[in-house]
Amino acid sequence: MTRAPETRIHETRAADLAGLDIAFVDDDPDLREANVQALRIAGLRAEAFASAGALLAEIGPGFTGAVVSDVRMPGMDGIALFRRLRALDADIPVVLISGHADIAMAVGAMSEGAYDFIAKPYASERLVETLRRAVEKRALVLENRRLRALAASAAEDEGLIGETPAILRLRRTIRDLADVDVDVLVLGETGTGKEVVANLLHRLGRRREKPFVALNCGALPESVVEGELFGYEPGAFTGAQKRRIGRIEHASGGTLFLDELESMPPSAQVKLLRVLEMREIAPLGSNETRKLDLRVVAATKLDLGDPAQRGDFREDLYYRLNIVTLRLPPLRERRRDIPLLFAHFLGRAARRYGREVPQPERSVERHLVENDWRGNVRELVHFAERVALGLAGELPAAALREDAAALSLPERLGAIEANLIREALEIHRGDVKATLEALRIPRKTFYDKLARYGITRAAYEAE
């Protein structure tokens with residue numbers, strides 16, 4: 001019987017190990033060869049190492065897989081190797097192979113954080129099953145690290161987190177407009193981050209050292225809106241005992257952010273239109289006008305260009321603000337950004353509450369994928385805070401039960417199908433041919449489903 005050629009001992013540098021699934025360490029060449037070949041037949045990318053020192057000379061924190069090591073080896077044994085690997089990266093899964101005499105030692109290593117131990121003799125299927133789980137866990141750990149690092153980098157850089165084409169375009173547009181003195185209308189559903197956009201326009205532009213003044217037009221009673229916006233002089237009305245500088249005048253030199261613009265009373269809309277056109281203000285109870293130097297960013301959740309949605313909002317004010325309109329996509333149109341956003345918000349919440357950043361459970365990951373996120377980023381922030389506090393086991397499950405009660409089985413399957421189509425479009429940046437190949441459906445079926453689920457392909461195209 002012809003013996004198979006001996007498994008090649010790995011001799012590349014540490015960077016190359018980043019593509020491995022399994023590093024198998026054993027000083028016995030026959031056992032090393034047989035096990036590595038069995039792992040490769042099972043579809044795992046495995047390489048052999050004749051000693052602990054040989055592995056340590058090449059492995060680094062970027063290693064993407066798991067390590068298997070015999071416990072008894074000359075020089076550095078498997079337990080010492082495990083401890084060295086744990087010091088390098090505590091999340092590298094280490095599986096120890098031990099004889100019966102070493103089981104107590106291997107169990108002790110597990111209490112220190114070893115992934116598993118397998119007693120000799122063992123079936124190759126047992127080893128393969130254990131290592132598949134270990135590799136899956138390692139991939140999840142590294143992906144969470146990547147997302148947290150990317151989220152932290154994005155947060156420090158600009159604050160508008162995401163990698164989907166719509167968000168990349170939005171960030172470019174914000175940078176282009178930051179130093180241009182033009183008023184901006186921001187359109188987006190509740191919770192999409194309209195104030196974040198307004199703040200970025202201010203912070204990235206030449207007005208950054210001047211005030212950023214925010215006013216929610218829907219949070220103030222109609223009777224006080226004009227006084228808050230325009231200010232007043234003593235005696236302007238009953239109760240006006242001293243002069244008050246309005247929000248508009250206070251923002252002079254900087255940026256005025258008007259949220260929920262559609263809620264502004266008609267009488268205040270008339271005066272705001274004059275402020276925008278003349279860049280001057282007359283406080284209540286005064287005949288004197290004061291010059292202003294400010295930029296106005298207004299936000300609305302309604303399409304004010306649509307008469308049916310505009311209601312009693314002044315058309316001329318809408319057109320005066322509609323020089324530049326930035327549309328914020330809802331979270332359901334940028335699902336590829338959800339893990340990245342969640343990692344950022346989870347880390348932030350953990351720091352706020354003095355907790356360790358938890359490793360998300362499968363139920364949390366499933367909720368991130370399956371939830372509709374009708375509250376958009378704001379809802380995701382609150383969910384991340386619950387996870388950081390250890391409450392994820394209660395609240396998301398309740399939410400899923402409510403969804404199940406509200407939707408029929410065909411509706412739930414349709415929602416999953418729509419999410420898969422959006423995800424494929426995001427990955428392939430709106431390219432129809434690549435998306436069709438990924439989904440393996442006919443072109444006509446694809447376009448029928450786009451129409452059925454209200455998906456706009458162009459929203460996923462990269463510029």
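Reader: Which side chain does K271 join in a polar contact, and at what distance?

Author: In this predicted model, the side chains of K271 and E226 are joined by a polar contact of 2.9 Å, where a polar contact is a pair of N or O atoms within 3.5 Å; within protein, one atom must be able to donate a hydrogen and the other to accept it, and residues adjacent in sequence count only if both atoms are side-chain atoms. Local features here need pLDDT of at least 70 and side-chain atom pairs count only at pLDDT 80 or more, while totals for chains, interfaces and linings use all residues. Residues are numbered from 1 along each chain as its sequence is written, and side-chain values use heavy atoms, with hydrogens and water left out.

Reader: Where does K271 sit, and what is it in contact with?

Author: K271 belongs to helix α10, residues 266-278, helices being DSSP runs of H or I with at least four residues and strands runs of E with at least two, numbered from the N terminus. Setting aside neighbours within four places in sequence, K271 is in contact (heavy atoms within 4.5 Å) with E226, F230 and L284.

Reader: How far apart are K271 and F230 in sequence and in space?

Author: K271 and F230 are 41 residues apart in sequence, and 8.6 Å separates them in space, C-alpha to C-alpha.

Reader: Is K271 buried or partly exposed?

Author: K271 counts as partly exposed because its relative accessibility is 32%; buried means under 20% relative accessible area, exposed over 50%, and partly exposed in between, with a 1.4 Å probe and protein chains only.

Reader: Changing topic, how many salt bridges are there in the whole structure?

Author: A search of the whole structure gives 30 salt bridges, each defined as a side-chain nitrogen of Lys or Arg within 4 Å of a carboxyl oxygen of Asp or Glu. One of them pairs K301 with E262, with the closest N and O atoms 2.9 Å apart.

Reader: Which parts does that K301 and E262 pair tie together?

Author: K301 lies in the loop between β11 (295-300) and α11 (307-310), and E262 in the loop between β8 (255-259) and α10, so the pair ties together parts that are 39 residues apart in sequence. K301 is partly exposed at 39%, whereas E262 is buried at 15%.

Reader: What about R274 and E280?

Author: Their side chains meet in a salt bridge of 2.9 Å, N to O; R274 is partly exposed at 45%, while E280 is buried at 10%.

Reader: And which residues are linked in a network?

Author: A network of salt bridges links D181, R206, R207 and D293.
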